[in-house]
Amino acid sequence: MVKFGARLAEERVPEWEKHYVNYKQMKKQMKQSLNLDVEGKPEYSIAEVLTGFDSIHSLGFAGSIFMPQEHRLKKIFEAQLNDVNDFAILQYSKLRDYLEVEIVKVLAECKNAEQVKKSASDLSSAGETVANLDSFVRLNFIAFRKIAKKFHRKGAGTDGWYENFLRMVVGSAFMDLDFNLLVGFLNERWQQVRQLRLKHDPKTFRERGPELLGSSASQQGGGGAG
């Protein structure tokens, strides 16, 4: 069975690489969180801190260095989760604007077969991006789940921590993207393209109709399959 880290490296979109969960780094940070009181060798022992609470210096470092394991890992998770959310929302907004508004204007201005062909190519690329974004969502969710599960299996964290964290991930913005809406827009736009092909290049459309329709249908289906 292929390990998830290898699967993530193989399936992620190269251009989006830095926006995926840093699975390898998070595993490393998890191990540090489980095995050490701090990242690296502690500068002070617990005993030194407990006996030095009347010291301003001690009060200054105690709260951050000796943070409970689950709190420390939660901060790591939240930082990664925010990055994933921001990127997914940005890509979704771009796709929605393009499919709902921009491509509609372009198609309305198509005057010949070449312009229709160019618009169809751009629409095909948009369909691929929808599929890539769907995959992005799925892979990042699996990454968060696996890291949290590994942490939980080690016996770290309070009761219910794993379930609470999963609820937080599931309720995040990147998990709430409406892909049905994007696929619906794709379907509408491909219908417009077929009409334009019939209008501006009827001979080719009649000769290659089944092939062209098949290509369009494939792009519509690809957008939601991920």
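In the predicted model, the side chains of Arg-138 and Asp-134 meet in a salt bridge, with N and O 2.9 Å apart. Both residues lie in helix α6. They are four residues apart, about one turn of the helix. Arg-138 is partly exposed, with a relative accessible area of 44%. Asp-134 is buried, because its relative accessible area of 7% falls under the 20% limit for that class.

This pair belongs to a wider set. A search of the whole structure finds six salt bridges. Side chains of opposite charge can pair when their charged atoms come close. Arg-12 and Glu-17 form another of these bridges, with their closest N and O atoms 3.1 Å apart. Arg-12 has a relative accessible area of 25% and is partly exposed. Glu-17 is also partly exposed, at 42%.

A further bridge joins Glu-188 to Arg-189, where the closest N and O atoms are 3.1 Å apart. Glu-188 is partly exposed, with a relative accessible area of 39%. Is Arg-189 buried or exposed? Arg-189 counts as buried, because its relative accessibility is 8% and the class takes in values under 20%.

The surroundings of Arg-189 can be listed. The residue is placed in helix α8, which spans residues 179–200. Neighbours within four places in sequence are left aside here. Arg-189 is then in contact with Leu-99, Glu-100, Ile-103, Val-104, Leu-107 and Leu-123. Helix α8 also holds Gln-195. Gln-195 is exposed, because its relative accessible area of 56% is over the 50% limit. Gln-195 and Val-116 are 79 residues apart in sequence. In space, their C-alpha atoms are 10.0 Å apart.

The overall fold is described next. The chain has nine helices and zero strands. Read along the sequence, its pattern is α-α-α-α-α-α-α-α-α. The chain has 226 residues, and 38% of them count as buried. Its accessible surface comes to about 13,300 Å². Carbon and sulfur atoms account for 51% of that surface. Among contacts in the chain with a separation of 6 or more, 78% join residues 24 or more positions apart.

The interior is considered last. In soluble globular proteins, nonpolar side chains tend to be buried together. The largest nonpolar core of this chain has 52 residues. Which of its residues touch the most other members? They are Phe-77, Leu-99, Leu-133, Phe-136, Phe-144 and Phe-174. Several helices contribute to this core. At least two residues each come from α1 (4–11), α2 (23–35), α5 (69–108), α6 (113–153), α7 (161–170) and α8. Helix α6 gives the most, with 15 residues.

Phe-144 illustrates the packing. Its neighbours within four places in sequence are again left aside. Phe-144 is in contact with Val-21, Phe-77, Gln-80, Leu-81, Val-84, Phe-165, Val-169 and Phe-174. Of these contacts, Phe-77 and Phe-174 are also among the core residues that touch the most other members.

Conventions
Residues numbered from 1 in each chain as written. Predicted model: local features only at pLDDT ≥ 70, side-chain atom pairs only at ≥ 80, totals over all residues. Heavy atoms only, no water. Contact = heavy atoms within 4.5 Å. Buried < 20%, exposed > 50% of the residue type's maximum accessible area, 1.4 Å probe, protein only. Areas by Shrake-Rupley, 256 points an atom, 1.4 Å probe, with all protein chains shown as cover. Core = buried A, V, L, I, M, F, W, Y, C linked by side-chain atoms within 4.5 Å. Salt bridge = Lys/Arg side-chain N within 4 Å of Asp/Glu carboxyl O.
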